[in-house]
Amino acid sequence: MRILCADIGGTSIKLGIVTDEGEIFDFTEVPTEGKKGGARVIENLISGLQAFEGYDAIGISTAGQVDRKKGSIIYANDNIPGYTGTQVKDILEKRFKKPVEVENDVNCAALGEGWLGAGKGLSDYLCLTYGTGIGGAIILGGKLYRGIGGSAGEFGHMILHPGGRDCSCGMKGCYEAYASARLLVEMAAKADPTVTNGRELFSRISEGDGLMKGVLDEWSSEAATGLASLVHIFNPQALILGGGILEQDTAAESIEKKSRELIMESFQGVAFLKAMLGNKAGLFGAATLHIK
Ligand SMILES: [Zn+2]
């Protein structure tokens, strides 16, 4: 079986044909142009999909909360204005005459990691992606746990500091307002204005910069506070952590060390794993919507 998959992200739509053997062909990217609105995103998606032939079905991984049955967008934030309510499945099935399945991008990434990546062979794990915010997904008993509205796993909005920093969701003190990758870079820039990105931060740490090491430790402690609670709630086999910052061994090790200091002895069997599929996780996950 060959599934044409698309992963609609903030800046680009990734496309490729995924086979049920787990191979990917003709990987390509087109601009999302999310700020120009949902209608433009769908136009870009369709023109990207049109370039392919010889497939049996279409799988879509997308930003926003997704109604899995209808294949529509229940809610999307201002990164794609007017995307809320878009009937993605209907539009694509009419246009391409193939079965279409649609799922949220973080959920797709978790399904992809379970099929071919860090979650292979695991039944119970949580995925967290540290970027501008913190995305999350829950796999229990080998199945994606979606919640009633398909929005379970919003770990970024656990309120860990009541009355604290403003969050993008409108609340105060959320996990992602303290432990996103964006915050790490902001904290570093505040400590030393010449550090303006993650790459610079980690190169300073590797050179033995104590100030930057301190910033990473402080950020890791925030990240660990959320992770320890999740481990105690779900008792998972593994946490699969992704996002550019987590590809740095220094960051991954720091988070694991701080987390283990907060995790009860009987839960210490949990493994801390790095996401393995990078920017292809969503495409592989979108394919599983048809395969499984
Ligand atoms: Zn929030």
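These are my notebook entries on what I looked up in this predicted model.

**Ground rules**

I number residues from 1 along each chain as its sequence is written, and my side-chain values use heavy atoms, with hydrogens and water left out. Since the model is predicted, local features need pLDDT of at least 70 and side-chain atom pairs count only at pLDDT 80 or more, while totals for chains, interfaces and linings use all residues.

**Entry 1: the two domains**

I began with how the chain is divided. Domain 1 covers 2–109 + 279–291, and domain 2 covers 121–275; such bounds come from an automatic or database domain assignment. I then looked up the C-alpha centres of domain 1 and domain 2, which lie 27 Å apart. Their contact takes seven residues from domain 1 and eight residues from domain 2, where contact means heavy atoms within 4.5 Å.

**Entry 2: the zinc site**

Which atoms coordinate the zinc ion? I found ND1 of His157 together with the SG atoms of Cys167, Cys169 and Cys174, at 2.0 to 2.3 Å. For the record, donors are N, O and S atoms within 2.8 Å of the metal (3.2 Å for Na, K and Ca), and sites may look incomplete because water is not among the atoms.

Along the chain, the donors of the zinc ion follow the spacing H-x9-C-x1-C-x4-C. His157 and Cys169 are twelve residues apart, and both sit in the loop between β10 (143–145) and α4 (176–179). I read the element names this way: helices (H or I, at least four residues) and strands (E, at least two) are DSSP runs, numbered from the N terminus.

Next I checked the geometry. The site of the zinc ion is tetrahedral, with angles of 104 to 121 degrees among its four donor atoms. The rule I used is that four donors count as tetrahedral if all angles lie between 85 and 135 degrees. Four count as square planar and six as octahedral if opposite donors are over 155 degrees apart and all others between 65 and 115, and anything else is irregular.

Cys174 is buried at 1%, and Cys167 is buried at 10%. His157 is partly exposed at 26%, as is Cys169 at 37%.

**Entry 3: helix α1**

Helix α1 runs over residues 38–50, which makes 13 residues.

Ser220 lies in helix α7 (residues 210–234), and Ser259 is in helix α8 (residues 249–260). Ser220 is buried at 0%, and Ser259 is buried at 0% too. Leaving aside neighbours within four places in sequence, Ser220 is in contact with Ser254, Ile255 and Lys258. With that same exclusion, Ser259 is in contact with Ala224, Leu227, Ala228 and Phe272.

Val100 is in strand β7 (residues 100–104) and is buried at 0%. Not counting residues up to four places away in sequence, Val100 touches Ile58, Ile60, Lys89, Leu92, Glu93 and His290. Its C-alpha atom is separated by 8.2 Å from that of Asp90, ten residues apart along the chain.

Asp56 sits in the loop between α1 and β4 and is partly exposed at 40%. Asp56 touches Met1, Arg2, Lys98 and Pro99, again not counting residues up to four places away.

**Entry 4: positive phi angles**

Last, I looked up two backbone angles. Glu33, in the loop between β3 and α1, has a positive phi of about 55 degrees although it is not a glycine. Asn235, in the loop between α7 and β11 (238–242), is not a glycine either, and its phi is positive at about 45 degrees.

Conventions:
Buried < 20%, exposed > 50% of the residue type's maximum accessible area, 1.4 Å probe, protein only. Expected span 1.5 Å × (residues − 1).
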